[in-house]
Amino acid sequence: MTPGTGHDRDPGQELATWWLARGEDQLLAEEQLAAEDQLPASADWLSAGERGRADALRYTKRRTDFMLGRWTLKLAVAKALGWPEDPAVLARIEGRNAPSGAPLLYIDGQPADYGVSLTDRAGCAVCLVAARAAAVGCDVEIVEPRSDAFVRDYLTQAEQQLVGAAGPARDAAANLIWSAKESALKVLGTGLRRDTRSVEVTVAELSPPERTWSALRVRTAEGKVFPGWWRRSGTFLVTACWPGGGPPPAALEEQSPIDSMLPSHRWVDRPVS
């Protein structure tokens, strides 16, 4: 199956997904290029509703995260549909928010027959696009130290044992489990309002080759199982899961910028726009 082609809509079938990552530095470079070449302003690729929301965000981090996330979502959907990436086309693709905060995909003002999940962390945004309007979840994290208190408070006993036995990969394991939980809680539509210990992550391999997808599984306290995948690139790791499972997310471009990206915190220098 390739992006933009017909697909089986039976919800019992495995689900095809695609993914795309973009970084804060790339967004700033695009905006600078537009200014130098007198191309349409960056706001031209936003819908009217998105422009209104962006204009209301005074804190730099929130505005940058919003712009980066919407740009990444629009590019991912356009690539999945085989559409050109010019501003007029991107403006037709809109990410609205469900009451839970999850993104809802609209095209030309109408709900689209594709699922999306959107995540950002430290100047990196990732969008997961699903071949039908299904609940999917993705999350991006950086591998950073996690305290023993964090592990005790947010991970189940089995997960704590996995982290404790990981040796030099302890921090990677803790962040991987946390990220997979976030992905699953997005599928459930609750986010962190739900106890993170009510979903449990199992991982077959903690040190697979980088830049490849490896299997994971999340089980809820109610017995639901979400098969999923995870991928590490340097400091960043990405997780994704959804009910019913399916093949690993397919890349929408030959090489992802996340593979050479470094965490960014530009907003610290100018916290208010």
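1. Strands here are DSSP runs of E with at least two residues, helices are H or I runs of at least four, and both are numbered from the N terminus. Strand S1 (residues 17–23) and strand S6 (residues 124–130) run antiparallel and are joined by seven bridges.

2. A word on the basis: this is a predicted model, where local features need pLDDT of at least 70, side-chain atom pairs count only at pLDDT 80 or more, and totals for chains, interfaces and linings use all residues. Residues are numbered from 1 along each chain as its sequence is written, and side-chain values use heavy atoms, leaving out hydrogens and water.

3. The open sheet has four strands in the order S5-S6-S1-S12, with mixed pairing (two strands pair if DSSP finds at least two bridges between them). S5 and strand S12 (250–251) are the edges, each with a single partner strand, so one side of each has no neighbour in the sheet. H3 packs on this sheet and touches S1, S5 and S6 (contact means heavy atoms within 4.5 Å).

4. Do look at the helix pair too: the axes of helix H2 (residues 48–55) and H3 come within 9 Å and cross at roughly 160 degrees (axes are lines fitted to C-alpha atoms over the stretch in contact, with angles from 0 to 180 degrees between N-to-C directions). H2 and H3 are therefore roughly antiparallel (angles over 145 degrees). Glu-50, Arg-53 and Ala-54 of H2 meet Arg-63, Phe-66, Met-67, Arg-70 and Lys-74 of H3.

Definitions and conventions. Angles under 35 degrees count as roughly parallel, over 145 as roughly antiparallel, 65 to 115 as roughly perpendicular and the rest as oblique.
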